[in-house]
Amino acid sequence: MFSGAKWKIGFRKNPLSIFFTKNFKHLISFKLGSPHELERNHQLIREITDSKIAPTRLYPSQHDYAFTSGYKTSAYICIAPTSLWFTKQFPAERWVELIKLLPDDYNIYLLGAKSDDAICMQIIKEVGRLNVMSMCGKLTLLESAALMRDAQMNYVNDSAPLHLACAVNAPVTAVFCSTVPEFGFGPLTSNSKVIQIEENLSCRPCGLHGHKSCPKKHFKCAYSISIEKLIL
């Protein structure tokens with residue numbers, strides 16, 4: 001309102017949208033189906049650019065790639081096992097099951113913030129393999145993206161690491177528990193797949209962002225996912 005800009009464009013849900021020159025609906029609907037978030041955001045600029053939707057991109061520096069090069073001396077897989085929301089997070093014991101099925105000669109790097117290290121160390125202890133390492137708090141976001149770019153596969157939840165992987169066009173397998181890709185936040189890379197429960201649960205999705213605990217107390221949307229599907 002105070003910028004003096006000729007054009008003020010934004011989403012209709014913004015309480016100040018009455019002052020916009022143009023506003024657009026930010027549609028998120030499981031039943032109706034939603035455009036991807038890239039498409040929703042592109043609405044805001046398509047009249048001043050073009051109709052082509054650009055992919056998300058991050059640009060790690062040479063320093064970022066150099067810093068992570070020492071971890072790339074043999075084949076490896078990255079797993080980001082945590083999420084801010086409990087019901088978006090594939091349980092730690094399920095990640096343990098997955099790692100035990102992965103090739104023994106692959107290094108496994110567990111990614112996350114420093115606060116995620118306790119869960120990652122729990123996973124490492126239960127797996128009992130020397131080549132599973134916690135990288136929690138050891139990498140910046142761009143260094144994490146640089147590491148993910150050259151992984152054989154990146155296993156992620158419906159959370160930020162999913163979008164880090166996509167922003168460097170890295171291979172990604174995204175596990176959706178309480179949320180669904182129809183909200184418009186699924187992976188968009190040349191090598192990606194979504195893993196979710198096949199059963200049609202009446203309680204799923206239970207919210208756009210997840211919950212601190214399962215509202216139904218069973219968390220079937222996570223525990224009923226077949227581990228084998230993650231490695232096929």
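## A tour by selection

Start in the loop between β2 (22-24) and α1 (37-42), where you will find Ser29. Keep in mind throughout that this is a predicted model. Ser29 counts as buried, because its relative accessibility is 14%, and the cut-off for buried is under 20%. If you leave aside the neighbours within four places in sequence, Ser29 is in contact with Ser34 and Glu182.

Next, select Glu37 and Arg40, which form a salt bridge whose closest N and O atoms are 2.7 Å apart. The two residues are three places apart in helix α1, so about one helical turn separates them. An α-helix has 3.6 residues a turn, so residues three or four places apart point the same way. Both Glu37 and Arg40 are buried.

For a salt bridge of another kind, select Asp158 and Lys88, where the closest N and O atoms are 3.9 Å apart. Asp158 lies in the loop between β6 and α6, while Lys88 lies in the loop between β3 and α3 (92-101), so this pair ties together parts that are 70 residues apart in sequence. Asp158 counts as buried, with 7% relative accessibility, and Lys88 is buried as well, with a relative accessible area of 11%.

Now move to helix α5 (residues 141-149) and colour its buried residues, which are Glu143, Ser144, Ala145, Ala146, Leu147 and Met148. Around them, show α2 (62-68), β3 (76-80), β4 (107-110), β6 (154-157) and α6 (160-166), for these are the elements that the buried residues of α5 pack against.

Then select Arg149 and Asp150, whose side chains meet in a salt bridge with an N to O distance of 3.2 Å. By the rule used here, the count of salt bridges comes to nine.

Is Phe2 buried or exposed? With 82% relative accessibility, Phe2 counts as exposed, and its place is in the segment before β1 (9-11).

How values were computed: Residues are numbered from 1 along each chain as its sequence is written. This is a predicted model: local features need pLDDT of at least 70, side-chain atom pairs count only at pLDDT 80 or more; totals for chains, interfaces and linings use all residues. Side-chain values use heavy atoms; hydrogens and water are left out. Buried means under 20% relative accessible area, exposed over 50%, partly exposed in between (1.4 Å probe, protein chains only). Helices (H or I, at least four residues) and strands (E, at least two) are DSSP runs, numbered from the N terminus. Contact means heavy atoms within 4.5 Å. A salt bridge is a side-chain nitrogen of Lys or Arg within 4 Å of a carboxyl oxygen of Asp or Glu.
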